[in-house]
Every structure is written in structure tokens, then in C-alpha cells.
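Take a look at it first, then read on.

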There are 2 protein chains.
Amino acid sequence: MDSQPNLRLFTGWVLIAQVLGLTSVILVAVWMGSYRGGFAWQEDPGREFNYHPLFMIIGLVFLYGDAIMVYRVFRTERKTFVKILHACIHVLVMAFAGVGLKAVFDSHNLHKKGTVPAPIPNLYSLHSWLGLTTVILFCLQWVFGFVSFLWPKVALSMRTIYKPIHVYFGLAIFVMAIATSLMGITEKAFFSVGSPSYKGVPYSALPAEGVIINILGMVLVALGLVVGYIITNPDYERQPTPEEEHIPLDQ
Amino acid sequence: MDSQPNLRLFTGWVLIAQVLGLTSVILVAVWMGSYRGGFAWQEDPGREFNYHPLFMIIGLVFLYGDAIMVYRVFRTERKTFVKILHACIHVLVMAFAGVGLKAVFDSHNLHKKGTVPAPIPNLYSLHSWLGLTTVILFCLQWVFGFVSFLWPKVALSMRTIYKPIHVYFGLAIFVMAIATSLMGITEKAFFSVGSPSYKGVPYSALPAEGVIINILGMVLVALGLVVGYIITNPDYERQPTPEEEHIPLDQ
């Protein structure tokens with residue numbers, strides 16, 4: 001056995017993850033932009049809603065995936081730099097998720113004001129329950145991570161206990177975000193393409209929009225598989241630099 | 001550091017996994033049995049469909065979860081026994097999944113024969129695309145696992161390369177099965193409780209059925225989190241028995 005980590009294919013997998021992540025963002029943008037009427041802020045509830053899937057996927061899927069890979073991607077950089085980068089990308093994630101959530105609540109509430117016939121209640125579907133749980137866990141994870149590893153940094157023994165929990169929930173929340181996206185995509189597909197009032201080819205006959213919807217979902221799953229592989233493969237684990245070896249567990 | 005593995009809470013987590021798995025089976029049975037008209041085989045498409053969620057969750061979620069935990073649960077048993085148990089539970093999973101798939105195809109096709117007005121096409125939704133992918137990956141994984149580790153057993157070097165792939169896909173397929181279930185639950189919720197023709201309290205007003213649906217989904221996610229934790233926690237990893245130490249990598 002070689003003590004050097006086996007980094008074969010690492011760069012290839014990271015590139016594939018970027019391509020899948022960007023493809024999912026493009027697909028959801030095309031779906032909302034070209035098939036669902038485009039985007040508008042606080043004037044048309046239907047088009048304000050369209051920001052919701054776009055921003056959630058940019059934030060909690062694409063950027064989140066990149067954030068959890070930084071330790072392995074920037075393996076030769078100083079640990080503190082990588083930690084700060086990790087925390088900063090997650091702040092971006094939170095910003096996108098926040099605006100994405102505002103878009104869907106606004107859209108539902110604008111409906112209520114009578115702009116369109118049917119009022120839409122908030123937080124009744126399984127999608128919303130899991131989504132809210134995911135966002136809350138994400139925020140808790142960020143706060144616990146910041147306090148434990150960045151500032152003020154809790155005692156080393158506590159960090160040693162918390163780190164595997166942080167790592168486990170880091171991947172779990174990513175997977176939950178993808179699962180929530182898949183449910184949201186399913187809801188939207190049946191609400192719009194699948195609804196009886198829809199004029200075009202129904203979802204069940206797989207029009208172009210239906211194919212885009214299904215490919216978007218499959219790309220999200222593929223992204224989850226690739227990112228999951230990259231961050232759980234022990235060969236790809238970041239090795240401590242020589243200086244860090246002297247201060248073990250400074251993590 | 002102690003060389004003995006830290007098994008604190010292991011039994012507790014396994015018990016929680018069993019409770020969550022059984023709860024999900026009971027919830028889907030109650031949903032289909034009490035709210036969706038119960039079960040019937042090849043006479044009423046609506047009630048034949050009801051076998052689909054029940055059998056998929058019993059098979060690809062509950063039993064599958066138990067199958068991937070056997071190495072850790074039966075840690076003191078002989079490796080060969082545990083391998084055979086692992087393969088046998090997965091045969092049961094395949095049986096349940098097979099009947100569960102037959103139920104949904106039958107149900108769609110019975111619709112086509114004019115038993116009820118609307119014909120339902122097969123394999124158009126994202127749920128069906130991901131579900132089919134999951135079942136195909138599951139079957140491939142079973143065949144590759146059997147050939148590699150049980151009979152005829154491929155060369156040790158090949159098994160050493162394949163084992164981490166088998167382990168990774170083992171968890172990935174489980175997570176994909178849960179994600180597919182969540183999409184299926186979402187579809188069924190909006191088709192039945194959420195449909196405009198539904199006479200009772202709509203899904204959006206969260207009737208008892210809607211609450212059962214959402215709790216079922218959240219229980220499946222919790223089960224995924226607990227099983228995922230049990231099978232990825234290095235403390236809980238099965239240690240080779242003294243005899244196995246002499247024939248390392250006999251896996």
C-alpha cells in the first residue's frame with residue numbers, strides 16, 4: 001500500500017459534478033423561463049413562483065455541493081482558508097435559499113390577495129415539510145459549524161466529537177435538498193403540465209417540457225451520486241499539511 | 001484510543017431503525033387500506049394500485065434497510081453466514097419489488113381496458129424514471145455482488161476493487177428508493193386527496209389523510225438518516241473474527 005492518496009480520476013469526477021450542477025441550473029432556468037412564462041418579482045404570483053425552483057437549486061444543490069467539496073478540491077491550501085471558503089459559500093447558499101423561499105411564500109400569498117382565483121395555503125405538502133426541515137437543519141448546521149470550527153472554536157475534545165456529526169449531516173442535508181427538489185419538481189409537473197386545464201400535450205404523453213422535467217430530476221440524482229462519491233471516497237480525503245501535522249485535530 | 005470498537009448506542013439505533021421501518025409500513029398500509037379503499041388483485045385497478053406503495057416500501061425500503069445492516073447487526077456470526085443472509089433478504093426485496101411493480105403496471109393497463117374512464121400511460125413520470133433506474137441498479141448490484149462475493153467468487157484483487165463500489169451503491173440505491181417513494185407519495189397525494197374531483201377536505205387543508213401522508217414521508221426520511229448513520233459510522237463496522245484475520249479480505 002502506498003501512503004500517497006490515490007487521486008486517480010479525482011479531477012474528472014469534480015468536473016463531472018460541475019457539469020451536472022450547471023446542467024441542472026440551466027434545465028430549471030429553461031423550464032421556468034421558456035415553458036412557465038419566465039420570471040417576475042411581486043407582480044405576478046405564477047411568475048414569482050418560478051424563482052423558487054431556480055434559486056433553491058442554485059443554492060441548496062449546486063452551490064451546496066461545491067461547498068462540501070472544498071476540503072478535497074483545495075487540498076493543498078491552508079485549512080483556515082478552506083474553512084472560511086466553506087462557510088462563505090454556505091452564506092451564499094443561505095441567501096439563495098432565503099430569496100427562493102420568499103418567492104414561494106409571496107407567490108402563495110399574492111394568490112390569496114385575489115390576483116388569481118385559487119388561494120394557495122402554505123406548508124401543507126410533504127415537499128414543504130421536508131423542505132422546511134432541510135432549511136432549518138442547514139441553518140443549525142451552519143451555526144454549529146461556525147461556533148465549533150471557526151469562531152470562537154469550542155474545546156478540541158468537543159470538536160473531535162462533533163466533526164463526524166457535522167460531516168454526516170453535511171451530506172445528509174445535501175441529499176435531503178435533492179429529495180425535496182424531486183418532490184417539488186413532481187408537484188410542479190402535475191400542477192402545470194399535468195393539470196386538466198393545461199392546453200398542450202399532457203405530462204403523461206411526455207411533451208418536450210415533460211422530458212426536460214424528467215431529465216432535470218435525473219441530473220439532480222446523478223449530481224447527488226457523484227458529489228456523494230467524491231466526499232465519501234477515503235482516497236480523496238484531504239491530507240493534513242506538514243504544519244497541521246504538528247497541531248493535529250485543528251479542525 | 002481503544003482498539004475495541006465503540007458500540008455505545010448501536011443497539012438503540014438499530015431498534016429505532018426497526019421502529020421507523022415498521023411505522024412506515026403501517027402508515028402506508030393504513031393510508032391505502034383505510035383511506036384509499038383497500039386492496040384487490042386484478043379486478044379493480046384503483047385497489048390493485050394500492051399494493052404498489054405497500055410492497056415497494058416493505059421491499060426496497062424496510063427489508064432493504066435491514067439487509068444492508070446485517071454485517072453490523074450480526075457482527076459475531078461467521079462472515080459466510082452473514083453474506084448468505086444479506087443475499088437472501090435481498091431476494092425477498094426483489095420479490096416484493098416485483099409484485100409491487102406488477103401491481104402498478106396491471107393497474108395502469110386495467111385502466112386502459114376501459115374498466116374506468118381515463119387510461120394511464122406507463123413510465124412517463126420522473127417517479128417512474130427514477131424508480132425503474134433504482135430497480136435496475138438494485139438487480140445489477142445483486143448479480144455483481146453474488147458473482148463477486150458468494151459464487152463463483154472472482155479473484156481477490158477484483159473483489160478488493162469492487163467492494164467499496166458495492167458498499168457505496170448499496171447505500172445510494174437505498175437512498176434512491178426512499179427519494180422515489182417520496183415522489184410517489186407526492187403524486188398519489190395530489191392525484192387523490194388533492195384532485196379537484198375529491199369530495200373530502202383537500203390535501204391543502206391537511207385532512208387526517210394528508211397528515212398521515214406527510215408523516216409517512218418524514219418517517220421514511222428519518223429511517224434513511226438512521227440506517228445511513230448505522231452503516232457509515234466506522235465505530236459500528238464489523239471487525240474480522242480471529243479466523244478471518246488469517247484470511248484477510250475474504251469478503
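What follows goes from the whole chain to the pairing of the copies, and then to a few single residues.

This is a predicted model, in which local features need pLDDT of at least 70 and side-chain atom pairs count only at pLDDT 80 or more, while totals for chains, interfaces and linings use all residues. Residues are numbered from 1 along each chain as its sequence is written, chains are lettered from A and ligands numbered from 1 in the order in which they are written, and side-chain values use heavy atoms, with hydrogens and water left out.

Let's start with chain A. Its secondary structure comes to eight helices and zero strands, where helices (H or I, at least four residues) and strands (E, at least two) are DSSP runs numbered from the N terminus. Its C-alpha atoms fill a box of roughly 65 × 35 × 25 Å along the principal axes. Of the 251 residues in chain A, 48% are buried; here buried means under 20% relative accessible area, exposed means over 50%, and partly exposed lies in between (1.4 Å probe, protein chains only). Contact means heavy atoms within 4.5 Å. Among the contacts in chain A with a separation of 6 or more, 73% link residues 24 or more positions apart.

Now for the pairing. Chain B can be laid on chain A with an RMSD of 0.0 Å, using a turn of 180° and a shift of 0.0 Å along the axis. The two copies are thus related as by a two-fold rotation axis. The superposition is by least squares on the C-alpha atoms of residues with pLDDT of at least 70 in both. As 100% of the interface residues of chain B are also interface residues in chain A, the copies meet through the same surface.

One meeting place is between helix H7 (residues 208–232) of chain A and helix H6 (residues 156–193) of chain B, which pack at an angle of about 145° with their axes 11 Å apart. Those axes are lines fitted to C-alpha atoms over the stretch in contact, and angles run from 0 to 180 degrees between N-to-C directions. Tyr168(B), Ala172(B) and Met176(B) in H6(B) meet several residues of H7(A), including Gly224(A), Gly228(A) and Tyr229(A).

Which residues touch the most other members of the largest nonpolar core? They are Leu60(A) and Leu60(B), in a core of 114 residues. Such a core is a set of buried Ala, Val, Leu, Ile, Met, Phe, Trp, Tyr and Cys residues joined through side-chain atoms within 4.5 Å. Leaving aside neighbours within four places in sequence, Leu60(A) is in contact with Val93(A), Ala97(A), Val135(A), Phe138(A), Phe174(A) and Ala177(A).

Ser107(A), in helix H4 (residues 79–112) of chain A, is buried with a relative accessible area of 2%. Beyond its neighbours within four places in sequence, Ser107(A) is in contact with Pro45(A), Glu48(A) and Phe49(A).

How many disulfides does the structure hold? Over all chains there are zero, a disulfide being a pair of cysteine sulfur atoms within 2.5 Å. The sulfurs of Cys88(B) and Cys139(B) are 16 Å apart, too far for a bond.

| Residue | Relative accessible area |
|---|---|
| Cys88(B) | 43% |
| Cys139(B) | 30% |
| Asp44(B) | 27% |

Asp44(B) sits in the loop between helix H1 (10–35) and helix H2 (45–49) of chain B.
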